[in-house]
Amino acid sequence: MRKQRPSITLNILVLVGALMMVFPFLWAFVTSISPGAGLSATPQLIPENPSLSAYAELLQRLPFAQIVLNSLILAILTTVFQLITSSLAAYVFSRMPFKGRNAVFAVYLATMMIPMQVLVVPLFVEMKSLGLIDTYLGVLLPGIASAFGVFLLRQAMNSVPQDLDQAATLDGAGHFRIFGLIVLPLVRPALATLTVFAFLNSWNSFLWPLIILRTPAMKTLPVALAGLQGQYTTQWDIVMAGSVVSVLPMLALYIFTQKYIIQGVAGTGLK
Amino acid sequence: MTALQDSRSGSPGPTATTKRHRGPEVRRKTTGTRLKYGLTVAVFLIPSALPLLFFTIIPMFSAFWISLNQWNLVGPMKWVGLGNYGKLIGDPGTQGAFLHTIYYIVGYLPLVYIGGLAIALALNSRIRGRSMMRGLYFLPVVTSWIVVALVWRWLLNPSTGIVNWLLGLIGVTGPGWWTDPAWSMPSIIVASAWKDLGFVMVILLAGLQAIPEDLYEAATVDGAGRWRRLFSITLPMLSPSTFFVIVLSLINGFQVFDQVYAMTGGGPNNSSQVVVQQIYDLTFRYGRAGEASALSWLLFLFILVITLIQVRGQKKWVHYA
């Protein structure tokens, strides 16, 4: 089955499928540089008068640079916090036994099962009483710890041989030093996977920012994009320009980190 | 300072205690070292435990508390016990939302599984540009649901979208897609399957690569053909990955929201109103937070039961190597 080279037909089929994956992105781009797209029933596959006017209009109508910056800063902060909180907890679950540790770990895992939708109303109320509605802190806080991250890093730390930290212990190193100097450097691939997941999840997250942010200039990219559609239903060139701008940073990240993302996803299925 | 040092300092020589060093249970702790150990554990755990407690666990229980009341998010709460639950179960809107969500899953899952499997099988052979292809198929997975929904709304635009234009070229009058109550769910399903195909493919591909080559060789020697090998070796050996895909797809499928919100908003005529959209509308449109919380708990219990049934049922068809 795997020994012989696949037929030309199969090669072509796979290629056609891949084109179907890419085409919507290309079409979004083509639309974004075709002013007035959506006004005629015959789409122009190659725009006659390509123009960046939709992008200019986008910048004029929305504080777009600010919105991209909002999403970027929130994604970076979420990622940094998740890396810190998850790796610290993972170290305990991998290296520091105590009574009831399994029960605590089970509670961590159980939080992974709780859908965001259940939390939306009480979280909104909680943020309201803390005065955090329409603040960046309010968007950020619920995402600073991740049970998934703890689980992922614990698995990775469990596969680091304990001999190394025992040797370090004999040399007088405490847990903080073993954590920082031995275990963390050895789980770098898992940290990379978590970085990418945390960043993408935050960059793409929708429901929570939609609920908690009000001020237009504070909104994140997905929320602003969804709002754009209501305002200019027929101006597809502008909506697509917004989509292109929102895909580009993600695309850049994806090209450089594809390996970690795909490994990370593939790994989750094998557990 | 640590367990190992304690046991070492109290022993006459390294040779005598080498064996005892191995087990973590060999620990002679004083109260001081115990306290220090406990403090270290706390310092490591608190940064994640506190947020999980305050932003997941406590809200989870307060959602239940809210679900027992009538409440418009601003005024005082009015205790109604399990009234909200009773009201929801008899409400045609809720039943419709569950039915639409199930419609979504029934349409989405076969599409994404069979498609993902076909691509995984193709990419598991020595095809040209394998990792490039894998990267392309995976691209929509990392894109936000909102972008996917907007782009597909444009592709499936009834009057000026390219899909209906292409259909027109072959003489087919395309449907109204998201503007037509009969086609709104299929539109959402197609866009969602397109986005998730690469995810399922990567999971299944990892499963395929773990199947030992000699199984296929032995089967070929025994005269098994291509299809026989697929059904007698590949699919059974792949069942753990399949199980994972199905469990995850159902959990995510019942929570479908972003793409519905951005593509149809639950319309037209409530034809694509799913459960989470209903929760959102109840809370932030109609100010019926009690009912919304009850519905979110119903959804959570529903997902939990379905997942448990699958975990129970897996013995019948999932083969772990």
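Mentor: What follows goes from the interface to the cavities, and then to a few local features.

This is a predicted model, in which local features need pLDDT of at least 70 and side-chain atom pairs count only at pLDDT 80 or more, while totals for chains, interfaces and linings use all residues. Residues are numbered from 1 along each chain as its sequence is written, chains are lettered from A and ligands numbered from 1 in the order in which they are written, and side-chain values use heavy atoms, with hydrogens and water left out.

Start with the contact itself, where contact means heavy atoms within 4.5 Å. Chain A brings 98 residues to it and chain B brings 94 residues. Together the two chains bury about 9000 Å², with 74% of that on carbon and sulfur atoms. Buried area here is the accessible area, found with a 1.4 Å probe, that two parts lose on being put together, summed over both.

Across this interface there are zero salt bridges, a salt bridge being a side-chain nitrogen of Lys or Arg within 4 Å of a carboxyl oxygen of Asp or Glu. Polar contacts are found, however: 11 residue pairs, both residues at pLDDT 80 or more, are joined in this way between chain A and chain B. A polar contact is a pair of N or O atoms within 3.5 Å; within protein, one must be able to donate a hydrogen and the other to accept it, and residues adjacent in sequence count only if both atoms are side-chain atoms.

On the side of chain A that touches chain B, helix α13 (residues 236-270) of chain A gives the largest share, 17 residues. Helices (H or I, at least four residues) and strands (E, at least two) are DSSP runs, numbered from the N terminus. By class, this side of chain A has 70 nonpolar, 23 polar and five charged residues. Ala, Val, Leu, Ile, Met, Phe, Trp, Tyr, Cys and Pro count as nonpolar, Asp, Glu, Lys and Arg as charged, and the others, Gly among them, as polar.

The structure holds two cavities of 30 Å³ or more. A cavity is a set of points on a 1 Å grid over the protein atoms alone where a 1.4 Å probe fits but cannot get out, and lining residues have an atom within 4 Å of a point. Grid points are joined across faces, edges and corners, and a volume is the space filled by probe spheres set on the points.

The largest cavity has a volume of about 50 Å³. Its lining draws on both chains, including W203(A), M250(A), V142(B) and V147(B). Helix α13(A) supplies the largest share of this lining, three residues. The lining has seven nonpolar residues, four polar and no charged.

The second largest cavity holds about 30 Å³ of space. Among the residues that line it are Q117(A), I211(A), Y280(B) and F284(B). Here α13(B) gives the most, with four residues. Seven of the lining residues are nonpolar, one is polar and none is charged.

The whole structure has five salt bridges over all chains. One of them pairs D165(A) with R95(A), the closest N and O atoms being 2.6 Å apart. D165(A) lies in helix α8 (residues 162-170) and R95(A) in helix α3 (residues 64-95) of chain A, so the pair ties together parts that are 70 residues apart in sequence. In chain B, a cis peptide bond with omega of about -10° joins G267(B) and P268(B).

How values were computed
On a 1 Å grid over the protein atoms alone, a cavity is a set of points where a 1.4 Å probe fits but cannot get out, and a pocket is an open set with protein on both sides within 12 Å along at least five of seven lines; lining residues have an atom within 4 Å of a point.
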